[in-house]
Amino acid sequence: MSETSAMGRPIVIAANRLPVMRTDDGDWTPSPGGLVRALYPMLRETGGTWVGWTGNPDDDAEPFSVEGVDLHPVPVSAEEMSLYYEGFSNDALWPLYHDALRESTYDSEQWDAYRTVNDRFATALADIAPEGSVVWVHDYQLQLVPGLLRAARPDLTIGFFLHIPFPSVDLFTRLPWRDEIVKGLLGCDLVGFQRPRDAQNFVATVDQLLDVQVDDTTVTYDGRTVVAGEYPISIDVDEVEEIATGRATRQRTSQIRARLGDPEVIMLGVDRLDYTKGIGLRLRAFARLLEDGRLDPTRHVMVQVATPTREAVEHYQDERASIERLVGEINGRFSRIGLPVVHYLYQSLPYDELVALYRAGDVMLVTPFRDGMNLVAKEYAAAHIDGDGVLVLSEFAGAADELTDAVQVNPHDDRALEDAIVEAVEMHRHERRGRMAGLRDQIRKSDVQGWAGRFLAALDVASTTDTSS
Ligand code: F6P
């Protein structure tokens, strides 16, 4: 079964991962992660097709369907997992696209594997996609797919959405395979980004690298027009609110508060354990505030959930070691028997447990150095159906464009971060409620269903107004 797009054409989604993973007893269950949470509800509602990797190396799973969604696994071998996923995607592109916060590894063997896997995805899509259908490709792992697919299937409408930032020209041009990547993306009718700056960076990069004609956000390349634009992603607000309203969640929230010793203020961080997220930075700010007496370990506690991710990549191993050392130091210094001041979970928690934690969190700390969007910030606001709670948000998260009622901060500025935390902790109830109302209005205005609808409508326009072909 295929979902029907706004244009009445079937739609096929391609992303590195399928939206499901195997349980211990061999069944499939929706997998965690922002992208999945964003698109799966839409596909589940309407029925649709998703092409992706199961997440397990050498998995030769046959196509299957879950909850009305057709799933087409693309196999990735153990060696490719190391070269294409851990290597090129997460050790070359990921750091480069996040302000070069860590050194990228540029390795031609990894690049070859990236090309091979992208080619495999494009071949699968070319085989599966119905005549004249819409293919929506996602994220930095699959940037060559649009170009390869366009060559094989010129009848298709092709859209791409980049979930992470697109770097400045100066950073991007470090990439030895920069031309191939941008040519891959130019196989699209529409390339979507999180923020206007990302779209501008992309157009400026294409303009510098290739012989193209650029008119604001439209690029004419190879006799076709390609549009770039911003489509900030969001969350399934109704789903989060429904979980937050449930009796089980309310009970769990009270239980969490009690287990933490009923402190006055619970500060919360929820992130994949990634060096882009600024986890260490916020822990250090918390420690300095305790040290200076601006926060009090008997009244203020922090809960940090750090979801395991990309554990085979060295930068992630280093980051984990540094965060765990820091947690140990802070607890050693400021905790009391039975009452740690930082509660640290290196675990992937079920979504309903996360929502209960969001509700328990009086102050949410989202302090990435760079982040495409950051859906945790939006989930926190959606979960606060009580209308209370304060969000401290880095200016360098995509969400900062929309969530202007957060306490926004430059995470590189130690003092500003400390002041932002104290401001959030001491904020008067009236102001807290006013800001939370603003955050909740904003996310209600643009939830994930709206995001997908806007992207698909713009893709429709981009594909039908391609005057140059
Ligand atoms: O935000 C980028 C992204 O790749 C998402 O698509 C994904 O949900 C998340 O990071 C987790 O990444 P990984 O698939 O490497 O665990």
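Start by selecting F193 and E230: F193 stands opposite E230 in strand 13. Strand 13 covers residues 224–230 and runs parallel to strand 10, joined to it by four bridges. Two strands count as a pair if DSSP finds at least two bridges between them. Helices (H or I, at least four residues) and strands (E, at least two) are DSSP runs, numbered from the N terminus.

Before you click on, note that this is a predicted model, where local features need pLDDT of at least 70, side-chain atom pairs count only at pLDDT 80 or more, and totals for chains, interfaces and linings use all residues. Residues are numbered from 1 along each chain as its sequence is written, and side-chain values use heavy atoms, with hydrogens and water left out.

Now show the whole of strand 10, residues 190–193. L190 and G192 point one way, V191 and F193 point the other way, and all are buried. Buried means under 20% relative accessible area, exposed means over 50%, and partly exposed is in between (1.4 Å probe, protein chains only).

Hop over to D216, in the loop between strand 11 (213–215) and strand 12 (218–221). For context, most residues other than glycine have a negative phi. D216 is exposed, with a relative accessible area of 64%.

Then select R310, in the loop between strand 15 (300–307) and helix 11. Phi of R310 is near 45 degrees, again a positive value in a residue other than glycine. Is R310 buried or exposed? R310 is buried, with a relative accessible area of 14%.

Next stop: an open sheet of six strands, in the order 16-15-14-17-18-19, with parallel pairing. Strand 16 (342–345) and strand 19 (407–409) stand at the edges with a single partner strand each, so one side of each has no neighbour in the sheet. On average, neighbouring strands here are turned by 15 degrees against each other, direction ignored. Zoom in on strands 15 and 16, which run parallel and are joined by four bridges; V303 stands opposite H343 in strand 16.

For helix packing, colour helix 10 (residues 279–291) and helix 11 (residues 314–334), whose axes come within 10 Å and cross at roughly 15 degrees. Axes are lines fitted to C-alpha atoms, for helices over the stretch in contact, and angles run from 0 to 180 degrees between N-to-C directions. The two helices are therefore roughly parallel to each other. (Angles under 35 degrees count as roughly parallel, over 145 as roughly antiparallel, 65 to 115 as roughly perpendicular and the rest as oblique.) Show side chains where they meet, including I279, L283 and A287 in helix 10 and I323, L326 and I330 in helix 11. Contact means heavy atoms within 4.5 Å.

Finish with helix 13 (residues 375–383) and helix 15 (residues 429–445), packed at about 110 degrees with axes 9 Å apart. Helix 13 and helix 15 are therefore roughly perpendicular to each other. Among the residues making this contact are Y380 and A381 of helix 13 and M436 and L439 of helix 15.
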